Amino acid sequence: MVTRTALTGIAGLTSLALATPGGVLAPLEWGARPLTVAGLPRVVYVAHRGGAREVPENSMSGLMTAYERGTAQVLDFDTRMLRDGHMVVMHDRTLNRTTYLGGPVRNLTLRDWQGVRLRPRDALPGSWRSERPPTVDEVLDRFGGRIVLMLEAKDPESLRALAGLLRARGLTRSVFVNSNRPEVARRAHRMGLIAQLWRSADQMRRDRPERWAAFVDLLDVDHKARDADLVRAAASGIPRVWAHTVVTPAQRDRVLGLGCNGVITDAPGRLARHPVRAARIAKAARTARALRARHVLGALRSAQRGARP
């Protein structure tokens, strides 16, 4: 459990690490070069919105806590564009659900943003203080190059602005840029960014993910999808296929057994406390092999029918 005292200390460290005498946030050094996606392990854990069942989502204290605990190799957060073009960290279109204010995020300026305060959920473990949600600049300056990041461009028109922020910091190979739209993923790829595409279970029933292999670096699939859809995604030729939003060890073991090589989770601490169960992995893997064999047999029969005079 994280206590109020511990969080106060963490918040103090944040201000010491980031604030210059003039009050401007300065990036932390990462050594000779930034950590990139090439350094990720074979199976990856992502703290979704920082781990939204364990910390306040999309908050600096939550992201810091996830980073300090070391239970995930990637930190995920959402981005929105303000009226004046500045990029901030927020999932929803409005402030209503996660802050003490209301109304559309897009109506605010950066000056307005200074007055926004997050409202931590009562159900979270530990004691959390209200704080201002960060800007994208602040998150990139705090964590960029020290850990791999994943950001979702909630406003597709913000892609160029996000690319500029990443290029200015040398982070284009250190940050996944996520969207639900294949055309946005294609644009991100053309801009030299690491393109991520997420899909819902319903979308996956109709998807042909192999068509995206030329421009999608990471396919982010719904763990609630059918076994056959997950297996098809894993065999699409896209190098990374990670499942969202996993919260239990059983869900994790199933998607790994079906061929995924990463999990995006609201509870990274919980998963870290429960090692992978080999029996679950093996059961899911047998299902995956049977589905692949059935697919190969079906393709072969179709080819034979087409070859008949």
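The following legends describe close-up views of a predicted model.

Residues are numbered from 1 along each chain as its sequence is written. In this predicted model, local features need pLDDT of at least 70 and side-chain atom pairs count only at pLDDT 80 or more, whereas totals for chains, interfaces and linings use all residues, and side-chain values use heavy atoms, with hydrogens and water left out.

**Figure 1. Overall composition of the protein chain.** The secondary structure comprises 11 helices and nine strands; helices (H or I, at least four residues) and strands (E, at least two) are DSSP runs, numbered from the N terminus. Of the 309 residues, 51% count as buried, where buried means under 20% relative accessible area, exposed over 50%, and partly exposed in between (1.4 Å probe, protein chains only). The chain exposes about 14700 Å², of which carbon and sulfur atoms supply 53%; accessible areas come from the Shrake-Rupley method with a 1.4 Å probe, and for residues only the protein chains shown count as cover. Among contacts between residues at least 6 apart in sequence, 58% join residues at least 24 apart, a contact being defined by heavy atoms within 4.5 Å.

Figure 2. Strand β4 spans residues 148–153, and six of its six residues are buried, so the strand is largely enclosed by the rest of the structure. In a regular strand the side chains alternate between the two faces of the sheet. In β4, Val-148, Met-150 and Glu-152 lie on one side and Leu-149, Leu-151 and Ala-153 on the other, and both faces are covered. Strand β2 (residues 74–81) runs parallel to β4 and is joined to it by six bridges; two strands pair if DSSP finds at least two bridges between them. In this pairing, Leu-75 stands opposite Leu-149. Strand β5 also pairs with β4 in the parallel sense, over four bridges, and Met-150 stands opposite Phe-176 of β5. Together with helix α5 (residues 159–169), β4 and β5 make a right-handed β-α-β unit; a crossover is right-handed if, with the strands pointing away from the viewer, the path from the first strand over the helix to the second runs clockwise.

**Figure 3. The aromatic pair of Phe-176 and Trp-242.** The count comes to two aromatic pairs, under the rule that rings of Phe, Tyr and Trp (its six-membered ring) pair if their centres lie within 6.5 Å, with planes under 30 degrees apart counted as stacked, over 60 as edge-to-face and the rest as tilted. One of these pairs, Phe-176 with Trp-242, is edge-to-face, at 5.3 Å centre to centre and 70° between the planes. The pair links distant parts of the chain, 66 residues apart: Phe-176 belongs to strand β5 (residues 175–179) and Trp-242 to strand β8 (residues 240–246). Phe-176 is buried at a relative accessible area of 0%, and Trp-242 is buried at 1%.

Figure 4. Strand β1 (residues 44–47) runs parallel to β9 and is joined to it by four bridges, with Val-263 as the bridge partner of Tyr-45. Three bridges join β8 to β9, again in parallel, and Gly-262 is the bridge partner of Trp-242.

Figure 5. Seven of the eight residues of helix α4 (residues 136–143) are buried, so the helix is largely enclosed by the rest of the structure. The buried residues include Glu-138, Asp-141, Arg-142 and Phe-143. Asp-141 has a relative accessible area of 8%, and its C-alpha atom is separated by 8.2 Å from that of Arg-169, 28 residues apart along the chain. Arg-142 lies over the face of Phe-143, at 5.4 Å from the ring centre; a charge sits over a ring if NZ of Lys or CZ of Arg is within 6 Å of the ring centre and within 35 degrees of the ring normal. Just after α4, Gly-145 takes a positive phi of about 85°.

Figure 6. Asn-58 is found in the loop between β1 and α2 (60–69) and counts as buried at 4% relative accessibility. Beyond residues up to four places away in sequence, Asn-58 touches several residues, among them Arg-49, Asp-76, Asp-78, His-91 and Pro-134.
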